[in-house]
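Thank you for making time this morning. I would like to walk you through one structure, slowly, and I will begin with a question once it is on the screen.

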Amino acid sequence: MNYADLFRVTLPETALEIAALLVLVADLAFLRKASLQAREMVASILGVVGCGAAVALLPLHAGGGVSYPGSTELMLSTGGYSAIAQVGILMLTVLTLFLVIGSEFTQHVGEYVAVLLMAATGGLLISGAQDLLVIFVGLELLSLGLYILTAFAKSSEKSAEGAMKYYLFGGMSAAFLLFGFSYLYGLTGSTNLHEIMRGLYSGNVQSASPLLYVALVMVAAGLGFKVAAVPFHLWAPDTYEGAPAPAAAFIASVSKVASFALLIGIGTAAVHVFDNLRNASTVTFVVGPIPKYVGFAGPWSVVVTLIAVGSMVLGNLAALAQTSVRRLLAYSAIAHAGYILLALGYFSHSTASTNAVLYYILTYGLTTVGAFGAVAVVERNGGSDRMDAFLGLYKRNGLLAAVMMVLFLSLAGIPPLVGFWAKFNLFAAVLGVNRGVVPFTIVALAVAMSAVSLYYYLQVLKRVFVMPAADPTPMKGNLVTMGVLVVIALAVVVLGCLPGLLQAWMGSFYAGM
Amino acid sequence: MLAWTIYISFAGALILALMPKGNAALARWFALAVAATGFAIAIAGFAAGAGQGRVTIVDLPWVASMGIRFTLAADGISRVLVLLTGLAATAGVLFSWNIETRTNEFFAFFLALIGGVYGVFLSFDLFLLFVFYEIAIVPKYFLIAIWGSTRREYAAMKLALYSFVGSAMVLIGLLAAYATSGSHSTGLVDLANANLPVSFQMWAFPLVFIGFGILAGLWPFHTWAPTGHVAAPTAASMLLAGVVMKLGAYGCLRVAIGLFPHGLDAWGWSFLGIGSWRDVFALLAVIGIVYGALVALAQSDFKFVIGYSSVSHMGFVLLGLVTLKQIGVTGAVLQMFSHGVIAGLLFAIVGRVVYERTHTRQLDELEAMHLGKRLPFAAWAFVIAGCASMGLPGFSGFIAELQVLVGSWNAKPWWTVAAGIGIVIGVAYTWRALQKAFFSDRLPRPDEHPKEGWPKFDPITWPEIAATALLIAATVLVGVYPRVLLDSIEPAVRSLLAGGMQ
């Protein structure tokens, strides 16, 4: 490794940081007297330009990265799944930036956008991270940003409460994660994911396998918190409810994409553990069945699958009882995380699982940004995210009602919307890895649970379309917000009708590898 | 050409959704134009396809990486059911002529539902079929929840959840078949040729059959049907009974029986004479026939009578399918057409012609109104429709039920005996409803007698007459000259039974 390499690979992150600083300078130095709307406009546009620059600087097809001095192992990977996740993170960040325009939750626009961009930087970093320390630093950068964003609505009690809960849970889970990482380091003597995976097959580790299991559970707890998987999900409903809408959209989309990209990284390292050995001709590799609970992949798969089943069952059932749309979205996010974790529990050697997970999380992120945008519009007009605030929306704002129909049906997985393809893709990937009775039963459970989910999504749509409005005055949305929502809804429909588009786009990232 | 039925329906739905609100007449005429065009295309496609086997209409790669293709094709069965859909859609629009609230949206959802139904009947890729099948769920929910009557929100949600649970079961079967076949294709033909292992078919068949059967009113999963039919606005109950239940039956035939024929093989052991999934589903179908008829006999709400009669009649379809005999399956397909027309007509008379004027559907209250004299059009239309529903010769139901009974006699005689009892009860409940609603002698009690004389009913409008005539003509035509459909159905059934889909 040399620092020029590191700098080259982290150019996108640098671009985002520079944009964050520029936003601060512009807002604090030049726009002190300007109107809130103008400041939001300038800050968002600067942020969007920063994201654009980051995309332009992304080493897309490099298929390389930064390695350690004197080793071929990567510290930060580029190209492939990392690049897809990074582009996704930046695009979703752009959308959440647009949602800031016209919002009134804070006077400190510059700080808000700067923190948001820095959190996105953390997301970019963990998408490519292959080293425990890089993972931890990136994760903390992301998380700290999210805690601040959640608390940004200073006049709202719920915002403070949500942020406090988020912070306390987050701090604890970071401690768990670090604890698990330290065990992994202790067992294998390395902080590199690939070396750890290989090291875990050595004899000394086998004799200490209880320690490995403790480490795995700790790591799962730390990462499960990030993706809001059961039983580490308790922060999600309060945070989703309390955070200002654009921040909630960011937490629900960008942070999820980044965290799942990290999980993909771990999964990929786990299933590709012997690839390099096979390539090195000096090592004779005895091919034979490896016992299932030796090494990393087997036990990890069990842990992740358990979390997945818990999440999809509890998330869907708890969502049935919600009366706040934000909390409903939070529980549905837990359920969706469960589906995705299932594909991470049954992870394929080929890129099939990786692509299925990315497809799901990117389209889910897109849909959920739209959902929070719609909630934000209703909140600004009705002052609440209760289901009853949505009554008769079709009459108050037909466009918004149509957008909500598309987004919520996509979340429920109704074809031909993109959410359906994501689910199909994901479940097909799981069955592609293992067609045994257990994965099949779990997939059947997941499909059944998505039938449950239709009920609560329809509860919202019922209020939007069926029931009469309590207050029939027209509901005006901010022009930019409505524009973003329409674009998202169109994307959900178009990507749903032509699912090959996104797959082809993702496929193009692997071309150089 | 038939593919255009799908495209124009969805395009029509989209245009109606975007049309400026407030001009109900324009929306109606536009919807009628779209539905009638679809019907015309269906007739032309039916005529052009006479004597041909399966004709591929469109075949494009859709999701290349997963082997999913956009395959639309039509064989004799599809063409008949597309014809039925066009007929039901046109009649449905005519019977919805009096919808005044949110007219644009009503017809937009209506046409979206129709588009999905056309799509299911024409898809020859399992995946595409499933997509269209699910597209049909959402409009049903809104049609009932917004424009419905009695407990509409409950009925709409129940219908949506039942449909979605059914389609979830189908999705599981689909995923499993896709994963097991390993052929990297979801084409119906490819999957049928994939030599799926018998052990797999043994559990996939009941899963998918029940999944589709839920929508076909398979007992004991039929309970959505009466509540849904009763709550739905007239056009929606016509579509529900007329074509949506046929989606389920069609799925049972095309997907469950077509892809997993070995699922019907004997288990090798038997319990109380039940030795295969075929016996199980035949038993459920027979129970559905008798149970539906008995419950219809006891109803006090006119529309519930028709709702339960649908369960009974759909039992004939399912029974015909599991006979696996040429004549039985042919009869089942013909019964799909026949019931689609007759149930549509019955629901239209009860829900539109009678209810919109009397504002009650309670048979006891109708009894006092002497509708036979005051609404002769409704009475005569119901007499004809009732005769058709009872399965009198000269109407389509006769040929269809006869074929199903012959087929089931060939398979297992006791099925026929039980189903025959169902027919007898069918005569009874139709007669009872007819007599009570239209030809009762009961004089109104003093408290029922209105103070200012009996109100004059609105005159019968031309759309009602036109649509009634259309439906009666269809059932009589098929009843008198069944070959018009049988020539098309028989070869398709033969090839389907002979070798699955090959």
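Which residues of α10(A) are buried? Please keep in mind, as we look, that this is a predicted model. The buried residues of α10(A) are A:Leu212, A:Ala215, A:Leu216, A:Met218, A:Val219, A:Ala220, A:Ala221, A:Gly222, A:Leu223, A:Gly224, A:Phe225 and A:Lys226. The helix itself covers residues 209–226 of chain A, which makes 18 residues, and from its first C-alpha to its last it reaches 26 Å, close to the 26 Å expected at 1.5 Å a residue. After α10(A) comes A:Ala228, with a positive phi near 55 degrees.

Let me turn to the nonpolar core, the largest of which holds 409 residues. Those with the most contacts inside this core are A:Ile340, B:Ala249, B:Leu318, B:Leu319 and B:Ile349, while helix α12 of chain A, residues 245–271, contributes the most to it, with 19 residues. If we set aside neighbours within four places in sequence, B:Ile349 is in contact with B:Val354, B:Ala378, B:Ala381, B:Phe382 and B:Ala385.

Now to where the chains meet: 27 residues of chain B are in contact with 25 residues of chain A. On the chain B side, β1, α5, α6 and α7 each supply at least two residues, and α7(B) gives the most, with 14. That side of chain B divides into 23 nonpolar residues, two polar and two charged.

Finally, a word on confidence: chain A averages a pLDDT of 86, and 93% of the residues score at least 70, but over residues 279–288 of chain A the pLDDT is below 50, and this stretch has four contacts in the model beyond near neighbours in sequence.

Note on methods:
Residues are numbered from 1 along each chain as its sequence is written. Chains are lettered from A and ligands numbered from 1 in the order in which they are written. This is a predicted model: local features need pLDDT of at least 70, side-chain atom pairs count only at pLDDT 80 or more; totals for chains, interfaces and linings use all residues. Two residues are in contact if their C-beta atoms, placed from the backbone, lie within 7 Å. Helices (H or I, at least four residues) and strands (E, at least two) are DSSP runs, numbered from the N terminus. Ala, Val, Leu, Ile, Met, Phe, Trp, Tyr, Cys and Pro count as nonpolar, Asp, Glu, Lys and Arg as charged, and the others, Gly among them, as polar. A nonpolar core is a set of buried Ala, Val, Leu, Ile, Met, Phe, Trp, Tyr and Cys residues joined through C-beta atoms within 7 Å. A residue is buried if 20 or more other C-beta atoms lie within 10 Å of its own, exposed if 12 or fewer, and partly exposed in between; C-beta atoms are placed from the backbone. pLDDT is the predictor's confidence in each residue, from 0 to 100. The expected span of a helix is 1.5 Å times one less than its number of residues.
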